[in-house]
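Have the sequence and the model open side by side as you read.

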Amino acid sequence: MDAKPPSPDAFLIRRTLDEIAPVADKATSYFYALLFLRRPDLRDLFPVAMEAQRDRLFKALLHAAERIDDPDALTGFLSQLGRGHRKYGTRAQDYPALGEALIGALTRYASAVWTAQTEAAWVRAYTAISQIMIDAAAADEKTSPAWWHAEIVTHERRTRDVAVLTVRPDQAYPFLAGQYTSVETPWWPRVWRHYSFASAPRGDGLLTFHIRAVPAGWVSNALVNRAGPGDVIRLGPPAGSMTVDHGSDNGLLCLGGGTGIAPIKALVEDVAGHGGRRSVDVFYGARHDHDLYDLDTMLALKAKHPWLSVHTVVCDTPRDALSGPLPEAVEEFGPWDTHDAYLSGPPGMIRSTVDTLVRIGVPSHRIRHDLVHELVAAGD
């Protein structure tokens with residue numbers, strides 16, 4: 001079946017996006033300059049050092065506009081964005097200023113293709129975008145706080161740069177295994193980063209995260225090297241679609257690279273909690289042996305559950321592990337065309353693994369992972 005041609009508005013929007021792509025950094029800077037000039041009060045909603053997330057909001061708006069012809073996907077994306085922005089203190093009356101700044105930046109940096117018709121298309125798109133976000137935030141406000149405070153109860157260093165944190169929220173925190181949340185530390189106010197839950201929901205209400213300190217990573221370094229029991233962090237709402245369909249009996253193929261093993265562990269616990277009626281194959285990838293920091297936990301789960309298989313894949317100097325890139329190792333153990341695939345790890349690993357799985361016959365609708373734009377949607 002031929003792809004449906006884009007609507008006139010979508011055509012004009014995509015032409016604008018192509019035009020500003022080479023100067024996206026300048027357009028982003030101009031967007032924020034306009035926004036703070038017209039609404040200086042909104043500056044307090046953003047981090048002191050804007051470099052940490054300067055382009056995230058602008059990119060999220062562009063991403064949404066680009067998909068104006070896909071209302072189902074757009075509504076899910078924008079609803080998550082609207083709920084996630086509650087933690088910043090964003091109000092319904094703030095959205096017109098964002099729209100004005102967006103149009104102003106596009107007018108300046110897409111001038112070669114900017115017409116009255118193009119502006120009208122963008123105004124219609126932003127009106128629809130902002131209304132979905134406003135409605136989602138208003139509905140969420142009736143049932144959930146804008147954020148949760150959570151006290152760190154344990155802090156365990158697994159490697160030089162990886163720590164496992166367990167926290168106690170100040171009130172019930174509903175989430176699903178495979179999801180993630182945004183985290184703010186007291187040392188970097190208004191700077192949020194995303195981390196997956198490393199366990200399925202627990203009876204005691206505690207939440208666990210695997211944190212890797214990355215170079216120049218403000219939040220990650222604070223959580224690994226500075227935080228400790230008794231410190232209080234803030235959590236945004238849960239987000240993400242990498243959850244298990246318990247109405248299916250398909251086997252699960254789960255790939256976790258580095259700290260991406262965290263949500264994979266949560267998915268395994270989730271399957272176990274539902275009776276473990278299906279086979280689960282976990283591929284745990286790392287660059288070196290010592291980076292398999294949670295291997296003992298995964299092997300303990302394997303010993304407990306006969307339906308679970310665990311394979312380690314080490315890029316360099318493997319011992320009792322498969323070697324080479326993770327996608328190649330997974331391909332060797334196929335076929336996987338009857339499995340649901342779950343991927344978590346660095347974006348490059350996810351992209352290459354998706355390509356490999358599709359090539360060897362796994363239907364794309366059975367491949368689940370959280371895309372970069374989904375993380376942006378949650379307010380990272």
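## The antiparallel sheet

Six strands make up an open sheet with antiparallel pairing, and their order is β4-β3-β6-β1-β2-β5. The edges are held by β4 (192-196) and β5 (207-212). Each of these has a single partner strand, so one side of each lacks a neighbour in the sheet. From one strand to the next, the twist averages 40 degrees. Keep in mind that this is a predicted model.

Look next at one pair inside this sheet. Strand β1 (residues 148-157) and strand β6 (residues 232-235) run antiparallel and are joined by four bridges.

## The buried strand β8

Strand β8 covers residues 280-286. Seven of its seven residues are buried, so the strand is largely enclosed by the rest of the structure. Buried here means under 20% relative accessible area.

Both faces of β8 are covered. One side carries Val280, Val282, Tyr284 and Ala286. The other carries Asp281, Phe283 and Gly285. The residues on both sides are all buried.

## Parallel partners of β8

Strand β7 (residues 251-257) runs parallel to β8, and six bridges join the two. Cys254 has Val282 of β8 as its bridge partner. Val282 is also one of the buried residues of β8.

Opposite Asp281 stands Ser309 in β9.

## Packing of α4 on α6

Now turn to a pair of helices. Helix α4 (residues 71-84) packs with helix α6 (residues 116-141) at an angle of about 55 degrees. Their axes are 7 Å apart. That angle makes α4 oblique to α6. The crossing of α4 past α6 is right-handed.

Which residues make the contact? From α4 come Thr75, Leu78, Ser79, Leu81, Gly82 and Arg83. From α6 come Ile129, Ile132, Met133, Ala136, Ala137 and Asp140.

Terms used. Residues are numbered from 1 along each chain as its sequence is written. This is a predicted model: local features need pLDDT of at least 70, side-chain atom pairs count only at pLDDT 80 or more; totals for chains, interfaces and linings use all residues. Side-chain values use heavy atoms; hydrogens and water are left out. Buried means under 20% relative accessible area, exposed over 50%, partly exposed in between (1.4 Å probe, protein chains only). Two strands pair if DSSP finds at least two bridges between them. Axes are lines fitted to C-alpha atoms, for helices over the stretch in contact, and angles run from 0 to 180 degrees between N-to-C directions. Angles under 35 degrees count as roughly parallel, over 145 as roughly antiparallel, 65 to 115 as roughly perpendicular and the rest as oblique. A crossing is left-handed if the near helix is turned anticlockwise from the far one by less than a right angle, and right-handed if clockwise. Contact means heavy atoms within 4.5 Å.
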